[in-house]
Amino acid sequence: MTVRGYQSCRWVAAALRSAAALAGLAAIAFCAGCGRSGEAQAVNATNVATEAPAVEGEPSWPLTGEIIGINLERRSLLVTHDEIKDFMPPMTMEFVVSDGDLAIAKEGQRIRARLVQRGDEYFLEQIWPDDAATAAAIAAGAEALAKETAALNKRIYTFRDLGEQAPTFTLYDQDARVVDMNRFRGKKIVLNFIYTRCPVATMCPAATLKMTQLQQAAREKGLSDVELISISLDPNYDTPGVLREYANARGIDTSNFSFLTGPEAAVQNLLRQLSITSFFEEGVIKHSLNTIVIGPDGKLVYRNDTEKWTPAEFLEQLQKLN
Ligand SMILES: [Cu+2]
């Protein structure tokens, strides 16, 4: 009976959380203007290769190659690229890139990207690391998440409740490094999900500002081992370079505040496991705002499923973990 009572208790908690999520959904802002072509993709681990859709009316081609030079003044990368079908044979070319992509570029890095022609200039956009070891680690991480989701789907409540272990993940950070959950073992983590193009001031932009305030407050209180993590809800657009630019534009210290992205499937599985709502409707992203504390033991210890969370509230939670 005890076990039953316990289970039904959890079930009630689960039902309440679902209700809260739905209530939150009613308040989800419509992100007019943050549209993205294409629909949410199926959540399977094989869907690892993300490729940004081409912008209409702008000639562009998928490109793979290796960075062999970086020119900061000209804001360009020298890239030896593979054959671009129906366009160019393999050759070495200079490409203009964004400040974010320029900041994180490494010589010798293999990349995949989209080549965009504007006038007589060539740009590289949507740049992702593409070396075999990196691709294998990211793919394995996505597959592990898919398996976890499948296992959770066999339970009565299909997401991870407070007290349970947080999902494990392997994603890219804002410097295009592969980051897995093990890097954060033993840390006190505050995790949320945002996307860089979110135009709704009270949603992602406010959340990022509050995360930096929390980072600052934790530092002032002398709290050690605090890690803030924001995972992109728009991973096809939010490349590591886009995340780097987002952090730089806000003067964010990324030493313990990471912005993560990766395969759409991996992000979708994380959202499901954590009972977070995010979907495309009429080409726009609608999402709930959820802020989650993960303890040093990797367990989910606290969450606020509204956009009204405060840095003080989460500082208090982090202090409890000390
Ligand atoms: Cu948003």
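Here is a short chat about the predicted model shown above.

Q: Hi! How many helices and strands does the chain have?
A: Hello! This is a predicted model, and its chain has 7 helices and 14 strands.

Q: And what share of the residues is buried?
A: Buried residues make up 51% of the 322 residues in the chain.

Q: Okay, contacts next. Of those with a separation of 6 or more, what part links residues 24 or more positions apart?
A: That part is 69% of the contacts in the chain with a separation of 6 or more.

Q: Let's look at some helices. At what angle do helix 3 and helix 6 pack?
A: Helix 3 covers residues 132-152 and helix 6 covers residues 264-273. They pack at about 30°, and their axes are 9 Å apart.

Q: So would you call them roughly parallel or roughly antiparallel?
A: Roughly parallel, because angles under 35 degrees count that way.

Q: Is that crossing left-handed or right-handed?
A: The crossing of helix 3 and helix 6 is left-handed.

Q: Which residues meet there?
A: From helix 3 you have Ala142, Leu145, Ala146, Glu148, Thr149 and Leu152. On the helix 6 side they meet Ala266, Asn269, Leu270, Arg272 and Gln273. Sorted by class, this contact has 6 nonpolar, 3 polar and 2 charged residues.

Q: Switching to helix 5: which of its residues are buried?
A: Helix 5 spans residues 240-249, and its buried residues are Pro240, Gly241, Leu243, Arg244, Tyr246 and Ala247.

Q: What covers them?
A: The cover includes helix 2 (99-104) and helix 4 (204-220). Several strands are also part of the cover, including strand 5 (121-129), strand 8 (188-194) and strand 10 (257-260).

Q: What happens just after helix 5?
A: There, glycine 251 takes a positive phi of about 60°.

Q: One last spot. Where is isoleucine 70?
A: Isoleucine 70 is in strand 1, which runs over residues 60-71.

Q: Why does isoleucine 70 count as partly exposed?
A: Because its relative accessibility is 32%, and partly exposed lies between the 20% limit for buried and the 50% limit for exposed.

Q: Leaving aside neighbours within four places in sequence, which residues is isoleucine 70 in contact with?
A: With those neighbours set aside, its contacts are Ser76, Leu77, Leu102, Ala105, Lys106 and Glu107.

Q: And how far apart in space are isoleucine 70 and phenylalanine 95?
A: They are 9.8 Å apart, C-alpha to C-alpha, and 25 residues apart in sequence.

Definitions and conventions:
Residues are numbered from 1 along each chain as its sequence is written. This is a predicted model: local features need pLDDT of at least 70, side-chain atom pairs count only at pLDDT 80 or more; totals for chains, interfaces and linings use all residues. Side-chain values use heavy atoms; hydrogens and water are left out. Helices (H or I, at least four residues) and strands (E, at least two) are DSSP runs, numbered from the N terminus. Buried means under 20% relative accessible area, exposed over 50%, partly exposed in between (1.4 Å probe, protein chains only). Contact means heavy atoms within 4.5 Å. Axes are lines fitted to C-alpha atoms, for helices over the stretch in contact, and angles run from 0 to 180 degrees between N-to-C directions. Angles under 35 degrees count as roughly parallel, over 145 as roughly antiparallel, 65 to 115 as roughly perpendicular and the rest as oblique. A crossing is left-handed if the near helix is turned anticlockwise from the far one by less than a right angle, and right-handed if clockwise. Ala, Val, Leu, Ile, Met, Phe, Trp, Tyr, Cys and Pro count as nonpolar, Asp, Glu, Lys and Arg as charged, and the others, Gly among them, as polar.
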